[in-house]
Amino acid sequence: MQPRNMSMSGVVDLAAVKAAQEAKAKAEQARAEQARQGGGGAVPPTSLVINVDEAGFENDVLQRSAEVPVVIDFWAEWCEPCKQLSPLLERLTAEYNGRFVLAKIDVDANQMLMQQFGIQGIPAVFAVVAGQALPLFQGVAPEQQIRATLDQLIQVAEERFGLTGIAVEPGAEGAEGTEGAAEAEEPAGPYDALLEAAVQALDAGDLGGAVQAYKNVLADDPANTEAKLGLGQAELLQRVQGMDPQQVRKDGAEKPGDVAAQIAAADLDLVGGHVEDAFGRLVETVKRTAGDDRDAARVRLLELFEVVGSDDPRVATARSALARALF
């Protein structure tokens, strides 16, 4: 087996992905927001590196990959290169502090998984993102090259699937600086007035003014969580403002293959509080479409996730359903 290409450009269209630094900033902002809200759902640093076997693969890797990228280290006790690579991967896992989880699989004890991944030599490193297995590299690679691959993996996971990693409990190795990061991510500029103006515009029914106010904040601070959430809500309300609800629902029921009709119906579902219906409609649309139509449904679903909020259990359920629909 030839060494895998470290580039992931063959897996996704990176031309459609934003700069890696912006992706990192968004992930940091999401984790900082979790910390400000009390760190709900945070895991201990020891949970970032796990031993996985065939019995636990479904839960520990596939299901977990709907929340956070899972990097898989295929190794064996007799493998000398593994003894060089595994400690490096574990150190980087702690350093990346929740941006991905490392799953270690002993190939001697898990021959079926080795065969399913088509591994012919170890160490071999894969990633699973939203249920999709991605080959990263085989053999021992330089640390700088591994870092570049992990950065690209994180970028793709966020921009394509909306995964920003998991929160890590503070106060232990691998989680240092969490509280400081939360403080550091506070908006650098005087955004309170702009955010208040956006809220007032929403209350007054001036959706265009609210959209513009939120965009003004994001122009200076693209990772501002409150502005991102507000913009998503304002744009959703703006989209449904001129709709004929009866006609939209009729088209949604009678035209299952019409992506625009399904997207419009999903928007209306969400505004009406029918969150599961909106998510389910778009997941089903993703299942039965391809190409640009499929991407349009997927992108709108990710936008609706932002409106509802990533901490809502219905979003986690729909992310898993989306992963199954895509792969």
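Contact means heavy atoms within 4.5 Å. This is a predicted model, where local features need pLDDT of at least 70, side-chain atom pairs count only at pLDDT 80 or more, and totals for chains, interfaces and linings use all residues. Residues are numbered from 1 along each chain as its sequence is written, and side-chain values use heavy atoms, with hydrogens and water left out.

Q: What does Ser 65 touch, not counting residues up to four places away in sequence?
A: Ser 65 touches Val 70, Val 128, Val 129, Ala 130, Gly 131 and Leu 163.

Q: Where is Ser 65 found?
A: Ser 65 sits in the loop between helix H2 (57–63) and strand S2 (70–75). Helices (H or I, at least four residues) and strands (E, at least two) are DSSP runs, numbered from the N terminus.

Q: Why is Ser 65 called buried?
A: Buried means under 20% relative accessible area, exposed over 50%, partly exposed in between (1.4 Å probe, protein chains only). Ser 65 has 0% relative accessibility, so Ser 65 counts as buried.

Q: What makes the pair between Ser 65 and Gly 131 a polar contact?
A: A polar contact is a pair of N or O atoms within 3.5 Å; within protein, one must be able to donate a hydrogen and the other to accept it, and residues adjacent in sequence count only if both atoms are side-chain atoms. Here a polar atom of the Ser 65 side chain lies 2.9 Å from the backbone nitrogen of Gly 131.

Q: What makes S4 and S2 a pair of strands?
A: Two strands pair if DSSP finds at least two bridges between them. S2 and S4 are joined by five bridges and run antiparallel. Val 70 stands opposite Val 128 in S4.

Q: How many bridges link S4 and strand S5?
A: S4 and S5 (residues 132–138) pair over six bridges, in the antiparallel sense. Phe 137 in S5 is the bridge partner of Val 125.
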